[in-house]
Amino acid sequence: MAARRSRKNKHWRTRHDEGHALRLEIGDLARDAAEPGWTRLEVRRAQVGSYARTTLTRDGREIAAEGLDEPFQRLRELSYQADSGTWFTCELAFPAGSRGYTGRVDSSAPPFEDVPAQAALAELTTFPRTESPGWLLAALPTAAPIGMPTTYGEHYDRRYNSWGDDDSDRRPPPPPPIHGDVAYVPAAAMTYRDFGRRDERRQRVVFLAESAGDDESEHLYVMGYEEVYLVARHGTRGTSEGVRSITLDESALRVELTPEAADALGAETTFEARLELPPETIAELRTALGFVLGPVAQAPELIGF
């Protein structure tokens, strides 16, 4: 529960980032509702206007779950596109032993056999679109929907534009998809062939790189600043908490993470950094990590050091 609270309080850079976090939150809620021993959880959300139905199945058997309405409603808002509306169905699947998901969203097929007239009216009032599917128009009451201004994702677009108002080529990133497949495959392992360290004033940095001299290749960073640490991968914001332990042997460095820390790194809760380094370099890595994390107040447990 604590992980979900902190996730809601974060300031996301784009609608895609927040949409991804919402799908992770839905997965956490599904896991909370399922008895142990499952292999696959599937969540289906169908919605028109405020008329919605959510089903959660555990290995094909429907079970009850709480708290799913809010993240799905927010995900519909974030996904809204001015000309195309938003999705009517969202299906997500979560495999056991992974933070990943696969799924699909659909913005054209009818989500229900019978759509209430007021739900159809509310849909086109809240999420107006240029062209509506026939089944939605057929469900409308005689009164025409009144379009209202929509501001879903406005603060993202406004903040993005403020970074480069004079650049006409800059456009805000698109919202999450409303039709097609969605997927997230967190990293379980990466191979690193280069090691480096930097000591700058009070900041201590150790990094592993997939390729020597290639700044765009996969990197893993462990940083310390006074009594605070940060662990990050290339292209992620990283995490300053939730790293439970770091284990180092002659072939790999293994990082054990809380679910929220794993999501921040785009990784599974156990991330393995496979080391293609000579023994003397691994010994240097062991010393450097101890130096970086030694002064940290709540440092991860170091195993094999």
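Author: In this predicted model, the axes of helix 2 (residues 15-33) and helix 3 (residues 69-79) come within 10 Å and cross at roughly 160°.

Reader: What makes helix 2 roughly antiparallel to helix 3?

Author: The crossing angle of helix 2 and helix 3 is roughly 160°. Angles over 145 degrees count as roughly antiparallel, so helix 2 is roughly antiparallel to helix 3. The crossing of helix 2 and helix 3 is also left-handed.

Reader: Which residues make the contact?

Author: Helix 2 contributes Arg-15, Glu-18, Gly-19, Leu-22, Arg-23, Glu-25, Ile-26 and Leu-29, and helix 3 contributes Pro-71, Phe-72, Arg-74, Leu-75 and Leu-78. Sorted by class, the contact of helix 2 with helix 3 has seven nonpolar, five charged and one polar residue.

Reader: What lines the largest cavity, and how do its lining residues divide by class?

Author: The lining consists of Val-206, Phe-207, Leu-208, Leu-220, Val-222, Leu-253, Leu-285 and Leu-289. Val, Leu and Phe count as nonpolar, so the lining of the largest cavity divides into eight nonpolar, no polar and no charged residues.

Reader: Which element gives the most to that lining?

Author: Strand 9 does, with three residues. Strand 9 (203-209), strand 10 (219-225) and helix 8 (279-293) each supply at least two.

Notes:
Residues are numbered from 1 along each chain as its sequence is written. This is a predicted model: local features need pLDDT of at least 70, side-chain atom pairs count only at pLDDT 80 or more; totals for chains, interfaces and linings use all residues. Side-chain values use heavy atoms; hydrogens and water are left out. On a 1 Å grid over the protein atoms alone, a cavity is a set of points where a 1.4 Å probe fits but cannot get out, and a pocket is an open set with protein on both sides within 12 Å along at least five of seven lines; lining residues have an atom within 4 Å of a point. Helices (H or I, at least four residues) and strands (E, at least two) are DSSP runs, numbered from the N terminus. Axes are lines fitted to C-alpha atoms, for helices over the stretch in contact, and angles run from 0 to 180 degrees between N-to-C directions. Angles under 35 degrees count as roughly parallel, over 145 as roughly antiparallel, 65 to 115 as roughly perpendicular and the rest as oblique. A crossing is left-handed if the near helix is turned anticlockwise from the far one by less than a right angle, and right-handed if clockwise. Contact means heavy atoms within 4.5 Å.
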